[in-house]
Amino acid sequence: MFVTGKAENTISPATNAPIHNPIVIAVPKELATGEQRVAIVPEIVQNLKKSGHEIRIEHDAGTSAYYPDALYTAAGAKIVSIDDLFNGARIVLRVQPPTLAEVDQLAEGTIVIGFMNATNNLEVIARMRDRRITAFALELVPRITRAQSMDALSSQATAAGYTAAILGADNCPKFLPMLTTAAGTIRPATVLILGAGVAGLMAIATAKRLGAIVEAYDVRRAAGEQVRSLGAKFLELEINAEGQGGYARELTPEEKEKEQLMVSTAVARADIVITTAAIPGRKAPRLVTKETVASMRPGAVIVDLAAESGGNCELTVAGKTVREYGVTIIGPQNLPARVPFHASQMYAKNLQSFLALIVDKNGALIREFTDEILVASLLVHAGEVRHKPTSDLMSGGKP
Ligand code: NAD
């Protein structure tokens, strides 16, 4: 049984060359509420088959993302029931973390790859540790140039930013573009994006394509150039809060006050506000207060992408749409799942790139997980939680 991350092979007596058994890669149907994505799409099945792997897909796994079983079969996958999915599987590909029941079905040494959301899944992490499962968390892949093709945070944030702009437009009582018609001239709507990271930039690009006037703000001054290159106006503040790894740092109390003042003026003149501000490992910064919402135009819309991590708007309710002071405040959860076809396609491509790190050119599992991307994303291995913030959390300390 595979337990250590070492390649398993036998030697051909005739040629002395290693013979590899095909690696069985299993893809279950995602069961989390509202999850429509699937971890693999037919095009990637075809690519993995070329490397000699056996791909097993649970019946109906891709249906909600509009990839029917027949397309997987045509690409060379085997469609199986859940009872036959994990038997002999070396690698399990997922979007969401596995459930406890699933972990219990996996053989020791199985490698599970996907988003692990460790902070909210400590029980599952502990079970994977105890059952000596190896888990790689895609959200821990470092944001380095070499890892760009496996950066699932970015691919899914792209899907979220696009969907946020569409949601904002759909809930707005106004046209977004300027219109000159026989029935009069319509002024374009103003869209404000707070936080111009991956999701924010995609929301800017989408709102621009819909014809709105777009303004954006970010605490990282470097974001200004990217915002302007998309044709939007960057709101300048004398703060540059670029922290480690290209992410933002938390603002000082004085900086927060300055920010509040500028943000509230910009929010008050916007028809749609899309907030995406986040600081890794912390609660989302509060950018839009109740008082600011009260100063907005009737019919204005806020789409709060930070809803799941506490919200950038004080009045956001995660998973709900609320109406306060005539303003529609949307707190969406799992926005990428609303564009499951393309979000799955991008995610599957990320997984294919990641798999190339753990399978060598002969199609065998690699011996040691020494690559810096693997070291950073290895959450559980050989009976240990390898990610220190998670193991600290599990032993009762702070992450
Ligand atoms: P994120 O989701 O952590 O945050 C979203 C945005 O919120 C960030 O741009 C951040 O600066 C901003 N923000 C935080 N606090 C704020 C506040 N108080 N007010 C306004 N804005 C605030 O970030 P992300 O989108 O995942 O990426 C952030 C950075 O990482 C960007 O510079 C991005 O270009 C970079 N990145 C690099 C790579 C790579 O090199 N491979 C890949 C992805 C992202």
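This report describes helices, nonpolar cores, a ligand site and some backbone angles in one predicted model.

## Basis of the model

The structure is a predicted model, in which local features need pLDDT of at least 70 and side-chain atom pairs count only at pLDDT 80 or more, while totals for chains, interfaces and linings use all residues. Residues are numbered from 1 along each chain as its sequence is written, and side-chain values use heavy atoms, with hydrogens and water left out.

Helices (H or I, at least four residues) and strands (E, at least two) are DSSP runs, numbered from the N terminus.

## Helix H9

Helix H9 has 16 residues, 253–268. The expected span of a helix is 1.5 Å times one less than its number of residues. For H9 this gives 22 Å, and the end C-alpha atoms are 22 Å apart, so the two values agree.

Buried means under 20% relative accessible area, exposed means over 50%, and partly exposed lies in between (1.4 Å probe, protein chains only). The buried residues of H9 are Glu-255, Glu-259, Met-262, Val-263, Ala-266 and Val-267. They cover an arc of only 135° around the axis, so they are on the same side of H9; the arc is that of the directions from the helix axis to the C-beta atoms. An α-helix has 3.6 residues a turn, so residues three or four places apart point the same way. Pro-253, Glu-254, Glu-257 and Leu-261 are exposed on the other side of H9. The buried residues pack against strands E11 (190–194), E12 (213–217) and E14 (272–275), and against helix H10 (290–294). Contact here means heavy atoms within 4.5 Å.

## Helix H5

Helix H5 covers residues 122–130, and its buried residues are Val-124, Ile-125, Ala-126 and Met-128. Among the elements that cover them are helix H4 (100–105), strand E8 (134–137) and helix H13 (388–394). Strands E18 (378–381) and E19 (384–385) are also included in this cover.

## Nonpolar cores

A nonpolar core is a set of buried Ala, Val, Leu, Ile, Met, Phe, Trp, Tyr and Cys residues joined through side-chain atoms within 4.5 Å. The largest one has 44 residues, and Ile-40, Ile-91, Leu-93, Ile-113 and Ile-358 have the most contacts inside it. Elements that each supply at least two residues of this core include strand E3 (24–27), helix H1 (42–50), strand E6 (91–93), strand E7 (111–114) and helix H11 (340–358). H11 gives the most to this core, with 7 residues. A second, separate core has 30 residues, including Cys-172, Leu-176, Ala-199 and Ala-207.

Leu-355 is in helix H11 and counts as buried at 3% relative accessibility. Leaving aside neighbours within four places in sequence, Leu-355 is in contact with Ile-25, Leu-48, Ile-91, Leu-93 and Ile-113. Leu-355 and Leu-48 are 307 residues apart in sequence, but their C-alpha atoms are 9.3 Å apart in space. With residues up to four places away in sequence not counted, the residues that Ile-91 touches include Val-24, Ile-111, Leu-355 and Leu-365.

## The ligand and Asp-218

The ligand is surrounded by 23 residues, and the closest are Arg-143, Val-198, Asp-218, Arg-220 and Glu-259. A residue counts as near a molecule if one of its heavy atoms lies within 4 Å of it. Oxygen atoms of the ligand lie 3.0 Å from an N or O atom in the side chain of Arg-143, 2.7 Å from one in the side chain of Arg-220, and 3.2 Å from a polar backbone atom of Gly-197. A polar contact is a pair of N or O atoms within 3.5 Å; within protein, one must be able to donate a hydrogen and the other to accept it, and residues adjacent in sequence count only if both atoms are side-chain atoms.

Asp-218 is in the loop between E12 and helix H8 (223–229), and is buried, with a relative accessible area of 10%. A polar atom of the Asp-218 side chain lies 2.6 Å from the backbone nitrogen of Ala-196, and one lies 2.8 Å from the backbone nitrogen of Arg-220.

## Positive phi angles

Most residues other than glycine have a negative phi. Asn-117, in the loop between E7 and H5, has a positive phi near 40° and is partly exposed at 37% relative accessibility. Just after H5, Arg-132 has a positive phi of about 55°.

Asn-334 has a positive phi of about 50°. Asn-334 is in the loop between strand E17 (327–330) and H11, and is buried, with a relative accessible area of 19%.
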